[in-house]
Amino acid sequence: MAGAVPSVVSSSKALPMNGGHGLYSYANNSTYQKKVIVAVKDLITEAIAEKLDTSFLTSSNTICITEMGCSVGPNTFVAVQNIVEAVLNKYRNLVHNHSRLPEFLVFLNDHALNDFNTLFTSLPPDRNYYVAGVPGSFHGRLFPADSLHIVHTSYALQWLSQVPEEVEDVSSPAWNKGRVYYSSAGDQTVKAYEDQFAKDLDCFLYARAQEVVCGGLIMILVPGRLDTTPHDRVFSNISYDILGSCLMDMAKMGITSEEKVDSFNIPIYFSSPQEVEATSWFGVPFEGALWK
């Protein structure tokens, strides 16, 4: 794919997390995602200390950060604060004059249907950064060229821009009849999901490559599987397979219809490090995914 420009995802299907603060809201059901953010704090700090080029501060005192797939909080605020603290620590270690510490502008991004009202009413009152919301799919361009210094996304890139078209096509060998997920399906269905993930990741990285300044950072935390782990042995995949079996049982009991089950597919793909590292354009391989 060296030198190829990926086709932009034209119609990303928005599937925002449950908003508000209710019993089934994302805010009250994302403890595991928060634990991952906390667990990789040292890795984030290390990456910023070693990789972020701060020479741009000679011409600008503002560092622009985007948190992609922010949902409704509060996890996103933990991630942002970790990044801000790491940058400040790096700056203090490099510069003796601390009277002009950088300012931070944080862009919180998610689908336009995301509950941004809950997100912004939950902002930490004592935050040391400015905030703006940026609605839209991160599978395409969202910012001007060379405008971002740090891109961070956590537990978001496993969501596909859409269910692969052939999976929902009754005339396709990849049609996923009787299932709602790919992990225990046939090889052609698995390949359709794999190809959709590769296309989406390519579009994501191509867009960010244009938006991030030279010397900036793209930091990705994505749930995945080991290169040697079959799809049907991944814990989360097993859970989705069980969900599909339950729906089929409901169809047999007449609670729902098989047609409805056949039309429902979960647009999530758990990739391996090998699959992510294979993504490249212009001959430059993508490196540095944080696997958890």
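Hi everyone. Of the 292 residues in this protein chain, 48% count as buried. Please keep in mind that we are looking at a predicted model. The chain has eight helices and eight strands. Turning to its contacts, take those between residues at least 6 apart in sequence: 79% of them join residues at least 24 apart.

Now let's go to one helix, α1, which runs over residues 31–39. Which residues of α1 are buried? They are Gln33, Val36 and Ile37. These three cover an arc of only 100 degrees around the axis, so they sit on the same side of α1. If you look at the other side of α1, you will find Thr31 and Lys35, which are exposed. And what do the buried residues of α1 pack against? Their partners are α2 (41–51), α3, β4 (148–154) and β5 (212–222).

Gln33 also takes us to my last topic, the largest pocket. This pocket has a volume of about 1000 Å³. It is lined by 45 residues, and Gln33 is among those nearest its centre, together with Met17, Tyr155, Gln158 and Trp159. The elements giving two or more residues to the lining are α1, α3 (75–94), β2 (103–110) and α6 (235–252). Which element gives the most to that lining? That is α6, with four residues. Finally, the lining residues of the largest pocket divide into 20 nonpolar, 20 polar and five charged.

Key. Residues numbered from 1 in each chain as written. Predicted model: local features only at pLDDT ≥ 70, side-chain atom pairs only at ≥ 80, totals over all residues. Heavy atoms only, no water. 1 Å grid on protein atoms, 1.4 Å probe; cavity = no way out; pocket = protein on both sides within 12 Å on 5 of 7 lines; lining within 4 Å. Points joined across faces, edges and corners; volume = space filled by probe spheres on them. Nonpolar A, V, L, I, M, F, W, Y, C, P; charged D, E, K, R; others polar. Buried < 20%, exposed > 50% of the residue type's maximum accessible area, 1.4 Å probe, protein only. Arc of directions from axis to C-beta. Contact = heavy atoms within 4.5 Å.
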